[in-house]
Every structure is written in structure tokens, then in C-alpha cells.
Amino acid sequence: MKLLLINANPSKFNPVFPIGLDYIASELLIHNIDYDFVDLQFIDDNNWEKTIQELLSHNYYSIVGISIRNVMDDVKDGDWYLPTIKKLVNTLRPSINSMTIIALGGSGLSLYPNEVLEYCKGDVAIAGDGEKAIMKLIDDYKQGAITVGKVYNTMLSKDEFWDKNYTRGNLKNTSLYVDKDVIGNVQTKRGCPSNCSYCSYPVIEGSKPRIRNPKNVIEEIEQLIALGFKEIYFTDSVFNLPTRNAVDILKLLQFNKIKITWHAFHDPKGITQEYLDFYKKTNVKLPPIQLTVESGSNAMLHSLNKNYKIQDIENAIELCDLNGIKYCYSILVGAPGETKSTLDETLEFIRKTKPQSVSLFTGICIHPKTKLAFLTKNILWNNQSDLLKPVFYPVDEKSMHEFILEFNKIEIEFFSSNNYYQSANNYSSNYLDYSSYNNYNSYNYNSIKSKKILS
Ligand code: B12
Ligand code: SF4
């Protein structure tokens, strides 16, 4: 039995290493299951068909597994990727054997597995964790028990995830990513217990945190270094919560004398002196700590259902300042209750606290099964399939326009290091052109702009 794994991430700027498929391939290797890999991230759109046809003409695959990391780029003028993926399935269909199953998985898909399956015309979908699900699918295939339209939802238990050990570098073009200085990635935990009104992460990974044995995480980082990656990204929803677990990982990094630059999403409440001590000891280039600030207004933090207040953010940045560690923010404006006055509070907060950079998201994309989705059902959308295309919470355009103008006056410089911020820059050039942005629905008002603030 042989599988074909396809990384269908059409997001060509700022490539992200397909960690999800590397984990799946690791599982296949454990079970001695053969696979080929095609990475559409590095193939010109016009050559997809040719590359795939060629592989199909020489091989028989029982299952073609397509990884759908991004259904959309959920910012203003962001691309909608699903038609491209549907086209891929269409291309495959006439060339594969009638016995071959097209299975769709990935974090983007996991938000609306039934709808994506239906839209893309795949055979089965795998929502959430893929490790056990892919083996169950293979088993079903061998038994002749495939049900077209089925969504597999087989999460790893707490204990299974604790013990999870992956081999890395299973995708044949890993060196291509290394050569392009793409950041390597590793996941130390799954699931977030917080219930932020807009956030899709608990929908994808579950709301109960599952943690991996730090020893296994360290071994994986060593593998990534051996593969040539110079920097890594902890892909956890929030890396520094629970703080104890993050500290354990960093302690072990230090103990093993591992020299690497690393990045992660940080919750202000998880910033402690002990954590910062290890941040400094273990992080080679000491990049600014990415704080998920979201707003400079307590009213808006409440609206977003964040588990912290402005005071908590101030405590975190005070500690960072004391330790000489720079910080950067993600700011999310346009949630229910946003007014000129709350926007002003956010501007003032940015001016006052002088982060190294700000990733600004203006307008909030509504993701399925979130609090915001429940709040807006039958008002902004009716069926979950409506959310396959970006739908944004409506904002007061005048206030937002003024906010953006004021935000731009803060002295800035684009963040230029090889990381996530570059993607933001790509969308900054036309972010004020609201008029052109009505191709999805009348509420689309969203942009992302990343700034480095000169202090
Ligand atoms: C970390 C992260 C980032 C980091 C990545 C850092 C890095 N170097 O890896 C940064 C900040 C750079 C980033 C950028 C972006 N991201 Co992001 N990101 C995430 C996050 C939090 C984790 C993804 C991850 O790596 N998970 C760990 C791996 C192991 O899990 P996985 O990929 O899901 O794979 C598992 C399963 O899905 C499954 N699986 C995966 N593929 C397949 C295939 C088959 C066949 C099978 C059977 C199973 C299977 O098995 C795997 C193992 O269990 C997710 C949200 C989330 N919690 O999932 C958003 C998320 C994927 N990102 C998203 C978006 C939109 C983006 C950006 C477009 C944002 C932007 N505007 O810039 C860019 C795109 C970048 C790119 N080139 O693709 C969205 C996609 C939403 C959607 N509806 O499509 C998500 C879901 C967040 C959200 N808003 O809801 N992201
Ligand atoms: S925004 Fe962060 S803390 Fe809130 S639910 Fe999402 S991952 Fe958890």
C-alpha cells in the first residue's frame, strides 16, 4: 500500500514548513507504510497538473492525502484558497484509480470539515489530530470499509500525546526549506482552555491542553537542527501557558546546551521572571517576545473574552523591560463594542509602551464554533458553509479609518527579519482601499500591517 501526501498550501509568500504532514509521515514510517510527497508550495500553479499527472502515471496510490492548512488568508484582501484546492481535487479525480481515496486534512479544514469536504469534493476528511485518524483510515481502506463523506475525528489522548515522539525530515524536500531559511517548527502541546471570543484554536486542537514530554520535544528540536534549521517556531496556541511546562522545555534546552533562536506566541499572564531567565539563556538571537496583546482597552479585552487585563500586559512588559527583552504585539481591532474611544485607548497604549513591532489586524474574521460565530449567526451568516469565505465583524469605517491614519503616524519601519511579519507587509500596500474590498461581502474590512516602532 502506498499513499501520496500533498501539501496544498497555496500561500507562496513566507513559506511555512508543512509540520502537519511531517508528523503524519512519521506515523506512516512507524507502521512501514510507503508514501510519496508533493509540495505545491514550491511548484508554480501552472505546473501542478503536470507534476501530479507524472507521479500518478508511474504509481498506484491507495490514498491521496491532501493537507489543507489554510482555507483562507483571514485578513483584508487575503486570498481565498479553497477554489485552488478544489481544482487540485478535480485534476486528480480523472487520473486516479477508482479505488483510490482522496482524504483531506489540516488545521484550516478542521474548522469546517464537512463543508470543505463538500466544497472540494474529496472522499473523506480528517478533522483535528491526524496521527491516529490516518491509521484508522488505512485500516478502513484495507477492510474495504470506507464510507465516502465520513469525517474522522480521532484525537490523541492526554497520555498518547505525552508520549508522542516524531521523526522529522520525512518530507523529501525538507532541504529546500532549509536552503530558503524557512523556520523549522515543533509542537509542544495541543489545546487551549481559554475561550477568547474570536479564536479558532480550541476548535482545531480542543480546549483541554495536552502536553508532550519535554524530553521528546528536545529530541525533536535536535533533529531539526541536524536537518539544518537555524531557527524554530513553537507552533503551540500559546507557548508560555502553562508556564511550568514551557520552563521545563527551556530548562532541558539549556541542559542539553542546544543553541537555537526560537519564536512563539506568548500570553502576558505567562510572563514570569523565571520564564524570562530561561528565555534569555536559551534564545540565541533573543528576538522580541511576541505578546498576544490584542487591545489597549480593558473594555475590548473583555469583549474579546481575554483572560487578562491591561494591568497584566503592563506587568509583563515591565518584566521584559527589566530584563532588557524587547517585545512585539499582535493587535486586533474591530470586535463588538469597538468605538473611537477604545481605538484611541489602543493607540495610546502602543505609543506609551513602545513595542518593537506591531502586527495589526483590523477587522475580525469570524471562524466557526467560536463565541463570535454564535453571536453573529443569522445576522452575518446563516450556514457554516458561509464562513468558508472570509466574513468579518462589521466596524465603524470612519473610526477605523482614523485609527489607521493615526497608527501610521507612529514612527515605524517594517520588520525585515525572515519571519512571520513579512507576510503582513505583502498586504499593507493597499490596506486603505476599502472600496475595492467588496468581493466577499459588504462587511469585509480587514487589514494587517506590521510595524517596527523606532524607539
Ligand atoms: C503556528 C501557526 C502559525 C505560525 C506558523 C509558524 C511556523 N513556522 O510553523 C505563523 C504565525 C507564521 C502563521 C502564519 C499564518 N497562518 Co497560521 N496558524 C498557526 C497555528 C496556531 C498552528 C499550526 C500548526 O503548525 N499546528 C501544528 C501541526 C502539527 O498541526 P496541523 O498542521 O494542524 O497538522 C495536524 C492535523 O491538522 C492533521 N493533518 C494535517 N495535514 C494533514 C493531511 C492529511 C492527509 C491528514 C490525514 C491529516 C493532516 O495531522 C497533523 C498532526 O496531527 C494554526 C492554528 C491551530 N491551532 O492549528 C494557525 C492557522 C493554521 N493559521 C492560519 C492563517 C490564516 C495563517 C496566515 C495566512 C496568517 C496571515 N494572515 O499571515 C499565515 C499563513 C502562512 C503560510 N505560509 O501558510 C489559520 C488558517 C485558517 C483558515 N480558515 O484557513 C489558522 C487555522 C489560524 C486561524 N486563524 O484560525 N501561522
Ligand atoms: S487567543 Fe490564545 S488564549 Fe485565547 S483561545 Fe485562542 S489560543 Fe487560547
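Q: On what assignment do the domain bounds rest?
A: The bounds of a domain come from an automatic or database domain assignment. In this predicted model, the chain is divided into domain 1, residues 2-159, and domain 2, residues 262-426.

Q: How many Å separate the centres of domain 1 and domain 2?
A: Taken over C-alpha atoms, the two centres are 32 Å apart. Domain 1 and domain 2 each contribute 15 residues to their contact. On the side of domain 1 that touches domain 2, helix α5 (residues 113-120) supplies the largest share, three residues. That side of domain 1 comprises 10 nonpolar, two polar and three charged residues.

Q: How is the packing of two helices to be read?
A: Two packed helices are described by the angle between their axes and the distance between those axes. Here, helix α15 (residues 340-353) packs with helix α17 (residues 397-409) at about 15 degrees, and their axes are 10 Å apart. Angles under 35 degrees count as roughly parallel, and α15 and α17 are therefore roughly parallel to each other. Their crossing is right-handed.

Q: Which residues of α15 and α17 make the contact?
A: Lys340, Leu343 and Leu347 take part from α15, while α17 provides Ser399, Phe403, Glu406 and Phe407.

Q: Which residues are around ligand 2?
A: Around ligand 2 are Cys192, Ser194, Cys196, Cys199, Tyr201, Pro202, Ser237, Val238, Asp267 and Thr292. This shell divides into six nonpolar, three polar and one charged residue.

Conventions. Residues are numbered from 1 along each chain as its sequence is written. Chains are lettered from A and ligands numbered from 1 in the order in which they are written. This is a predicted model: local features need pLDDT of at least 70, side-chain atom pairs count only at pLDDT 80 or more; totals for chains, interfaces and linings use all residues. Two residues are in contact if their C-beta atoms, placed from the backbone, lie within 7 Å. Helices (H or I, at least four residues) and strands (E, at least two) are DSSP runs, numbered from the N terminus. Ala, Val, Leu, Ile, Met, Phe, Trp, Tyr, Cys and Pro count as nonpolar, Asp, Glu, Lys and Arg as charged, and the others, Gly among them, as polar. A residue is near a molecule or strand if its C-beta atom, placed from the backbone, lies within 6 Å of it. Axes are lines fitted to C-alpha atoms, for helices over the stretch in contact, and angles run from 0 to 180 degrees between N-to-C directions. Angles under 35 degrees count as roughly parallel, over 145 as roughly antiparallel, 65 to 115 as roughly perpendicular and the rest as oblique. A crossing is left-handed if the near helix is turned anticlockwise from the far one by less than a right angle, and right-handed if clockwise.
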